[in-house]
Structure formats: structure tokens, C-alpha cells
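Subject: Structure handover

Hello,

Here is the structure I said I would pass on.

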Amino acid sequence: MKTDGLVVKTSSPGLQVRAGWVLMTACTALVLAGAAGAAEPKIPTQLGKEITSTLQDEPIILSAPPSNAKRVYVTDPGHFNVTSQVFSIDGEKSKLLGMTDAGKLPHVMASHDGKFFAVANTLFARIARGQRNDYIDLVDAQTHDLIAEIDIPEGRFLSATLERMATLSNDDKFLLFQQFSPSPAVGIVDVANRSFVKMVDVPDCYHLFPAAQNTFFMHCRDGSLLKVGYDGKGEIKQENTKVFHPEDDYLFNNPAYSAKAGRLVWPSYEGNIYQADLTADGATFAKVFNAFTEEERKQKWRPGGWMTVTYHRPSDTIYLLADQREKWTHKLPSRFVFALEAKTGKRISKIELGHEVDSIGISQDDKPVLYAVSAIDRTLYMYDPATGKETGKVDELGKAPLMLTIPEL
Amino acid sequence: HAETTGSLGREGWKPQDTNSQACDYWRHCSIDGNICDCCGGSLTNCPPGSKLSPSSWVASCHNPGDGQSYLIAYRDCCGKQTCGRCNCVNTQGELPIYRPEFNNDVVWCFGAEDDSMTYHCTISPIVGKAS
């Protein structure tokens, strides 16, 4: 909620909207720089007519096609860099469509209608120091123009980017983000009205999984889930589920969650797969299974990477990123994906990726593309999960691309 | 010379006690980010112009030199852009985000001067012996 010298302050710090701020900021910057006059770009007067001569070609600014199920956003947090890049990619054609700038350790959220995406940002007034400013950008998925900017308190949890530390509600009307310090809280943003609502206190719980009817779930330190109901004014009701995993079975930082199915899929360091169906009424937990055979466990097969799991809703299939590894190497990339029936745990296939992969995701259509991003290769690879064959790639994606965001249309 | 060396592999953690600028130096068993010693700081001190955080995550690291295990408090030096040199990700005993005292993904800059919350690098001071 703080504003730096180059950002226009509004009279209502609790409820400010800054749609159109780009122009305002540009004007203010010019005024501050002592450059009086109109804010229009100037052409250098010392140059001749040639530089603005009439062209035979007609350059325009392109627009991306409407987002379909095979749109994928790849975020490069750049190893804790103060700025980040978000790459919009057509997963079917392996084509880069456009880019979006973001701040430190951003959260990227695709709307459930595919029309926009939200980026939760943190920027500092003087590169890496000075006044902090947290805000949400809403970006048009086609033009990549800013739809709106919504100011929020300086409360974003700055950690290596975890997919579910911020989320849109299932109807895209609200956005939730997590605060860690000075105490656990969740910020509620009214996306429809472009305004911040309130920070609400929560227990020692993490992640945000949206369910129907203004409900979300979190995962708590004690091993339970917390169900929270909220309204547009920031009133909440909360209730814990049973404890569903033991203290010494550690759940990875990036579970898979299908908001449409309400299905949460959560692997542990040793390959146990926990699942729950989340509705406004509560959580229903499935029987836990291990992704590997006893023989494979002896051969040290374990999940590992950053986003180690993805869930394909239409076929009820779990994809798990894994490799042979010693204990406590759980964040190193893997070279294999195991496809498993979510209902039974039965192995469908084992896909050899052929690359050192950190994160996986899958498109939610009937003939899906399996995405695999490698930070070290700075490349997104595409696979046909039915055959395991690599079908495409997009390279040169920033410094260390790590996050995949896939709209669930 | 500060090229990243001694990076962790899937074959597991093999600590050494001779080169504190390498990722496999024993005290860095759960470091995530950049070794301050490669950024103008030292093993236990922050680089000039950065801000030392008073908060940290911890890990129990085995010292092959004396066969003892020590508790290391990883404190971040903050208020500057990511250092970029000697980038290491080690995860001995590293726990998920819901056990934050053992989690190295958090930007551990809480309490640093001037509310500095940008990550620059990490130091590896000893708190005491681990049992």
C-alpha cells in the first residue's frame, strides 16, 4: 500500500484502483524530471525526414490468438531476481506469443475463462532497496495490455515461487494471496470491483486452493486442511479437517490442484500420493498409494524437482516427475514422468523426457500436451503423453524458467 | 575465481571442509541461493552495503573434518539485487514450506534494516552443536 515517488497516490489508500496508471505514472515522471510539456513521445529534431518516412510495409502491434486449452504461461523468477518475465506460449504450435514483465517472485494466475491472467507483483522504488510496493496486474490474454492494476498491502509472501500461494477464485471474481510475516494471513482482493478488501487472520497454514461458493482450503502445519468461507466484505468462517498425513511424510511445495474438479493431488518426498476432493461442504480424502513398486523404491526412485506433479482432469490421470535419487535431493531435476490412474494408482506409463526437467504441467483437453520446463536448459519441452514422444520446444526462456501456469478452460 | 563448483547431484550430499566457496562445503548443506563469500562478504559476514537479516532457517550439517554435526543458521544478506555468483541449492534435511524453520525457499530477510526484503546472498554461521 506504500507508494513510491513515481507512483500517483490516491486519496483512499485502502481501496485504490489504478487502471490507467501507466499514463499517470509517465506524466508524473516527466514532471519530476523537469521535462515540462506534453507526455507524447518526441522525435529527435536534429535528424532528417528519413527517420519518419512513409513505409511500403504497414507495421502493427500484434495480438495473441484467444487463449485455448493449450495456452501455457512460463514464469522465470530468475533465481530471486528483482524482476521476472512471464512468457505466453502456444503449446500446440510451440510458439512464443508474447511476454509480460513482473516484479520479484511473482505469482501468475490464469483466469478460468482464459480471457486474462493475473500477476501478483512486488517492486522496490530503488531497484532492490527503498520503498516496497505490492500490486496485482490484470493482463489481457490476447493483447497483453494491462486491464487494471489493483494495489494491495505490502504483504506478499516472498519465497521461491509456489503456484498456490496466490489464486483466483473459481468464478474469477476474487483473488487471494498469502502473507507469512508478521503473522499468517490471507489477503482478499475483489477482482470484479478492482479493489483490495481485507487481510484476514488464519492459523499456521499454507497454500490456497479455491473451491466453489467463496470457499478456499489451506494446508496446515499440523497435517490437516483448513476450510475457509469468505464474503466480499472479508468476513470468514473456518474449520479444520482431520490430519491426513503423518508428520514425517513431507509433502512437496507444489501440489497439483484442479479447481474445476476440486481435486488436490499431493505427493510426498517418498512418493506417497495423497488426494482430496474439495467442495464447499468439506474435504473427502482418497486412499493413499505409492507411485513406485517395492523394487523401484529399493532402486531409489523418488519424485524430485520443483512442480513435481500435474493432474489431467478429463482422464483422471496423475503425472509424477521422478528419477533415481538419494534422500534429500528432492529439489534437483528429474528425467522421467510416471503416469498413474488417480483412482487406483495403477501405472499407465513411464515417459523418458530426455532432459533435466524441473517442472511439469498438462493441458486440460482430450488430446493433452505434457509440458516440461528445464531451468538449466532455459527451455520448455512438449510431449504427447500417450506416446511419450517429444513434440516441440521453445528455448531461450529467460535465466531460470521454473513455473508453469495452465488455464483450466 | 568464483565459478559455481561442487553442485549437488542426485547421487547425494558429499561434504568437504576445504573450500568454502564451493557448493559442497559442509556448512552449506541446506543453502539456497548465493554464497556471500563469492559476493564480497565472507562465510559468516555480509557484503558491503547489504543488510544482515536477524532471522534464519536452520539445518544440521555434518563436518567431515571433526566428524561432528553442527546447527547452521542461514542468514540472508538483503537489500541488493541477487548476487548471481556461486549459486547453490542444497537440501539436507530441508522441509516443505509448512515447516518454515527448515525451509530454504523463503526470502529470509525478515527484520533486516530498512525493511530490506530483496535477496542478495546467504551466510552460513554456526549456532551450536547439533545432536
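This is a predicted model: local features need pLDDT of at least 70, side-chain atom pairs count only at pLDDT 80 or more; totals for chains, interfaces and linings use all residues.

Interface

Chain A brings 44 residues into contact with 33 residues of chain B. Together the two chains bury about 3,200 Å², and 58% of that area is on carbon and sulfur atoms. On the chain A side, A:F80, A:R221 and A:W328 account for 20% of the area buried against chain B, more than any other three residues.

Six salt bridges are counted between chain A and chain B. One that you can check directly joins the side chains of A:K331 and B:E94, at 2.7 Å from N to O.

Four strands of chain A each supply at least two residues to the side that touches chain B: β6 (129-140), β12 (205-211), β23 (317-324) and β24 (334-341). By residue type, that side of chain A splits into 19 nonpolar, 12 polar and 13 charged.

Core

The largest nonpolar core has 82 residues. Those touching the most other members are A:V74, A:I89, A:L278, A:L380, A:L404, B:Y74 and B:V107, a list with residues from chain A and from chain B. Strand β3 (residues 68-78) of chain B gives this core its largest share, five residues.

To look at A:L278 in detail, leave out its neighbours within four places in sequence: its contacts are then A:F209, A:A211, A:F217, A:L225, A:Y257, A:G262, A:L264 and A:A283.

Two buried positions

A:S169 sits in the loop between β8 (166-168) and β9 (174-179) of chain A. Its relative accessible area is 3%, so A:S169 counts as buried, the cut-off being under 20%. Beyond residues up to four places away in sequence, A:S169 touches A:H112, A:F174, A:P210 and A:Y230.

A:I188 belongs to strand β10 (residues 185-190) of chain A. A:I188 is also buried, because its relative accessibility is 0%. With residues up to four places away in sequence set aside, A:I188 touches A:F174, A:L175, A:L176, A:F196, A:V197, A:K198, A:V200, A:Y230, A:G234 and A:I236. For a sense of distance, A:I188 and A:F289 are 101 residues apart in sequence and 35 Å apart in space, C-alpha to C-alpha.

Regards

Note on methods. Residues are numbered from 1 along each chain as its sequence is written. Chains are lettered from A and ligands numbered from 1 in the order in which they are written. Side-chain values use heavy atoms; hydrogens and water are left out. Contact means heavy atoms within 4.5 Å. Buried area is the accessible area (1.4 Å probe) that two parts lose on being put together, summed over both. A salt bridge is a side-chain nitrogen of Lys or Arg within 4 Å of a carboxyl oxygen of Asp or Glu. Ala, Val, Leu, Ile, Met, Phe, Trp, Tyr, Cys and Pro count as nonpolar, Asp, Glu, Lys and Arg as charged, and the others, Gly among them, as polar. A nonpolar core is a set of buried Ala, Val, Leu, Ile, Met, Phe, Trp, Tyr and Cys residues joined through side-chain atoms within 4.5 Å. Buried means under 20% relative accessible area, exposed over 50%, partly exposed in between (1.4 Å probe, protein chains only).
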